[in-house]
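Q: I have a protein chain open here and would like to go through it piece by piece. Can we start with the overall layout and then look at some contacts?

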Amino acid sequence: MEVHCYATLYQQTNKKMSNRIKIPQADAAAYKAMLALESYIESTPLTTRHKDLIKIRASQINGCAFCLNMHTLDARKAGETEQRIYNIPTWRDTPFFDEQERAVLALTEQVTLISNKVSDEVYNKAASLFEPAYLAQLIMAIITINAWNRIGITTELEPPLS
């Protein structure tokens, strides 16, 4: 997803009758900083597939309907299959994900559920499969979608009706 789409979608879909804050209007600099982080993630060599898996899995765990809707639509547009999207929560039990994707999903789950820590097993597996810069970018992508999820949930963003 292009960065400007976050701002556009945020403004278009945060119209429900809610007394929740609209961050872009309340503190434009804070929102601009989030967009800059997203812009950085989009500029990295992370594959679209890895970014989509991260965004979908973290949004599922966090229960962010707005982000989950946006990122499953984006993944489909990028060529992701329905079968794989539907099976992201059960990735351990399917043959649909390769070794790198499994490492990305495991890392996403543990960073998202950070109170349980990131195990040495999960971290070392990812570190063995990815160069240090790519691993750092994966971690930053996971952190970024978790921040977006928290914004979406806290401000009660709803996905638009199709």
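Q: What pattern does the protein chain follow, read along the sequence?
A: The pattern is α-α-α-α-α-α-α-α-α. The protein chain has 9 helices and 0 strands. Helices (H or I, at least four residues) and strands (E, at least two) are DSSP runs, numbered from the N terminus.

Q: Where does the model come from, and how are residues numbered?
A: This is a predicted model, in which local features need pLDDT of at least 70 and side-chain atom pairs count only at pLDDT 80 or more, while totals for chains, interfaces and linings use all residues. Residues are numbered from 1 along each chain as its sequence is written, and side-chain values use heavy atoms, with hydrogens and water left out.

Q: How much of the protein chain counts as buried?
A: Of its 162 residues, 43% do. Buried means under 20% relative accessible area, exposed over 50%, and partly exposed in between (1.4 Å probe, protein chains only).

Q: OK, helices. At what angle do α4 and α9 pack?
A: Helix α4 (residues 48-62) and helix α9 (residues 132-154) pack at about 40 degrees, and their axes are 9 Å apart. Axes are lines fitted to C-alpha atoms, for helices over the stretch in contact, and angles run from 0 to 180 degrees between N-to-C directions.

Q: What does that make α4 and α9 to each other?
A: They are therefore oblique. Angles under 35 degrees count as roughly parallel, over 145 as roughly antiparallel, 65 to 115 as roughly perpendicular and the rest as oblique.

Q: Which residues make that contact?
A: From α4, they include His50, Ile54 and Ala58, and from α9, Leu138, Ile142 and Ile145 are among them. Contact means heavy atoms within 4.5 Å. By class, the contact of α4 with α9 has 8 nonpolar, 5 polar and 2 charged residues. Ala, Val, Leu, Ile, Met, Phe, Trp, Tyr, Cys and Pro count as nonpolar, Asp, Glu, Lys and Arg as charged, and the others, Gly among them, as polar.

Q: What about α3 and α9, how do their axes cross?
A: The axes of helix α3 (residues 28-43) and α9 come within 10 Å and cross at roughly 145 degrees. Residues in the contact include Tyr31, Met34 and Leu35 of α3, and Met140, Ala141 and Trp148 of α9. By class there are 11 nonpolar, 2 polar and 1 charged residues.

Q: And α4 with α7, what angle?
A: About 35 degrees, with the axes 9 Å apart. The contact of α4 with α7 has 6 nonpolar, 5 polar and 4 charged residues. Among them are Arg49 and Leu53 of α4, and Glu101 and Val104 of α7.

Q: What does Val111 touch?
A: Not counting residues up to four places away in sequence, Val111 touches Val118, Ile142 and Ile143. Val111 and Ile143 are 32 residues apart in sequence and 7.6 Å apart in space, C-alpha to C-alpha.

Q: Last one: where is Thr72?
A: Thr72 is in helix α5 (residues 65-77). Thr72 counts as buried, at 11% relative accessibility. Leaving out residues up to four places away in sequence, Thr72 touches Ile56 and Ile85.
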